[in-house]
Structures are given as C-alpha cells and as structure tokens.
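Visitor: I have a model open here and want to go through parts of it. Can you take some quick questions?

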Amino acid sequence: MINIEATQTFFSGLGLAFCILSFILVFIPSKTKFGIISLCLGNVPLWSAIVMPKSLAPFMDFFHVDQSADLFVTGCIAGVVCLVLWYFLTGKIMGLYKEKFHKDSKTQSEAAKSTSDRDSAVNNGADNSDSQNDANANPHLFDNLKVNDKE
C-alpha cells in the first residue's frame, strides 16, 4: 500500500506541471482560451492532493506506482504528458465540431442570401422587410434613432 505522502507528492507534481505549462499557454495569443481552460483543469490534481489523498492511494496502487522513485518528478512528467494528450484531444474534438457546424452555417447563410436576393428582385426596390426571413435583420431599422446627438 502506498502511503499518503507519496500520493500527495505525485499529484502535487502533476498539478504543478499542468498549471505552469497552462499558464505559459495563456500568453500565446492563439492558445489563450485553451490555456485558461487548462489552467482551471490543472487545479483538479492540486485540489485532489490536498483534499483526498487517502482515496487516491488505491488508484496509485492499481497502476503499480513505485514508491522508491522520486514521485514529484514522476508527477511532473505525468503532468506534461496529460497536457499534451489534452491538447491533441481538444484539437481533434474542436476540429470535428468546426467541420460539422461550419458546413451547416455556411449552407444556411448561402440559402438566406439567395432568398434575400430573390425577394429583392421580385419587389424591385420596394420595402421588402415583411417578406424577409426573421433571421435577417433590417439594416435600416435604427436609422431614425438618435443617441447622444450633440446637434
């Protein structure tokens, strides 16, 4: 049976590596959102090391973690591996998500544009706000609204 201090050391190393790398990702402009979410996720192992090390000890026994090894370094390596896996997993999921919903929105916007063009041609410049789809906003809706007018 692995002792509680070893469990705390391992999960502290895992959470610390995860949080530090996530904090670095926050400052990369294209990875800011991923870094913030990962930073929040990295707090879970740190919290687990503090709150429930006794219940995590059987988990570590299940994976046959060697107690004689330096568990802080092992935890840091596990944190790096977890972050890399998390990065590729979210990248794959978001790629599928964008592929699925970007196609749908693209076809819907093209259909709405063709419907709007067809309605404009039928009315020949008349006010066609009644015939347009409710999803399309009338660009001249707020023309008569005067807010903070200095005149």
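Visitor: Leucine 85: buried or exposed?
Guide: Leucine 85 is exposed, because its relative accessible area is 55% and exposed means over 50%, buried under 20%, and partly exposed in between, taken with a 1.4 Å probe and protein chains only. This is a predicted model, in which local features need pLDDT of at least 70 and side-chain atom pairs count only at pLDDT 80 or more, while totals for chains, interfaces and linings use all residues. Residues are numbered from 1 along each chain as its sequence is written, and side-chain values use heavy atoms, with hydrogens and water left out.

Visitor: Where is leucine 85 found?
Guide: In helix H4. Helices are DSSP runs of H or I with at least four residues, strands are runs of E with at least two, and both are numbered from the N terminus.

Visitor: Which residues form the nonpolar patch on the surface?
Guide: Leu16, Ile20, Ile24, Phe72, Val73, Ile77, Val81 and Leu85, with about 700 Å² of accessible area together. Accessible areas come from the Shrake-Rupley method with a 1.4 Å probe, and for residues only the protein chains shown count as cover.

Visitor: What makes a patch, by definition?
Guide: Its residues have over 30% relative accessible area and no salt bridge; nonpolar side chains (Val, Leu, Ile, Met, Phe, Trp, Tyr) are joined within 5 Å, like charges within 9 Å. A salt bridge is a side-chain nitrogen of Lys or Arg within 4 Å of a carboxyl oxygen of Asp or Glu.

Visitor: Which helix gives the most to the nonpolar patch?
Guide: H4, with 5 residues. Helix H1 (4–26) and helix H4 (71–123) each supply at least two.

Visitor: What does phenylalanine 72 touch?
Guide: Leaving out residues up to four places away in sequence, phenylalanine 72 touches Thr9, Ser12, Gly13 and Leu16; contact means heavy atoms within 4.5 Å. Phenylalanine 72 has its place in helix H4. The C-alpha atoms of phenylalanine 72 and glycine 13 are 4.8 Å apart, although 59 residues separate the two in sequence. Phenylalanine 72 counts as partly exposed because its relative accessibility is 34%.

Visitor: Back up a bit. How many helices and strands are there in the protein chain?
Guide: There are 4 helices and 0 strands, so the order from the N terminus is α-α-α-α. Of the 151 residues, 23% are buried. Among contacts in the chain with a separation of 6 or more, 76% are between residues 24 or more positions apart. The chain exposes about 11300 Å², and carbon and sulfur atoms supply 64% of that area.

Visitor: H3 next. Which residues are buried there?
Guide: In helix H3 (residues 53–62), Pro53, Leu56, Ala57 and Met60 are buried. Seen down the axis of H3, they fall within an arc of 120°, so they line one face of the helix. That arc is of the directions from the helix axis to the C-beta atoms.

Visitor: Why do residues three or four places apart point the same way?
Guide: An α-helix has 3.6 residues a turn, so residues with that spacing point the same way.

Visitor: What do the buried residues of H3 pack against?
Guide: H1 and helix H2 (32–51). Serine 48 is buried because its relative accessible area is 6%.

Visitor: And which exposed residues does the face of H3 turned away from its buried side carry?
Guide: Lys54 and Phe62. Just after H3, histidine 64 has a positive phi of about 55°.

Visitor: What about glutamine 67, where does it lie?
Guide: In the loop between H3 and H4. Glutamine 67 is partly exposed, with a relative accessible area of 37%.

Visitor: Changing topic: how many disulfides?
Guide: The count is 0, where a disulfide is a pair of cysteine sulfur atoms within 2.5 Å. Cysteine 40 is in none; the nearest cysteine sulfur, on cysteine 19, is 9.0 Å away.

Visitor: Is cysteine 40 buried or exposed?
Guide: Cysteine 40 counts as exposed, at 53% relative accessibility. Cysteine 82 counts as partly exposed, at 33%.
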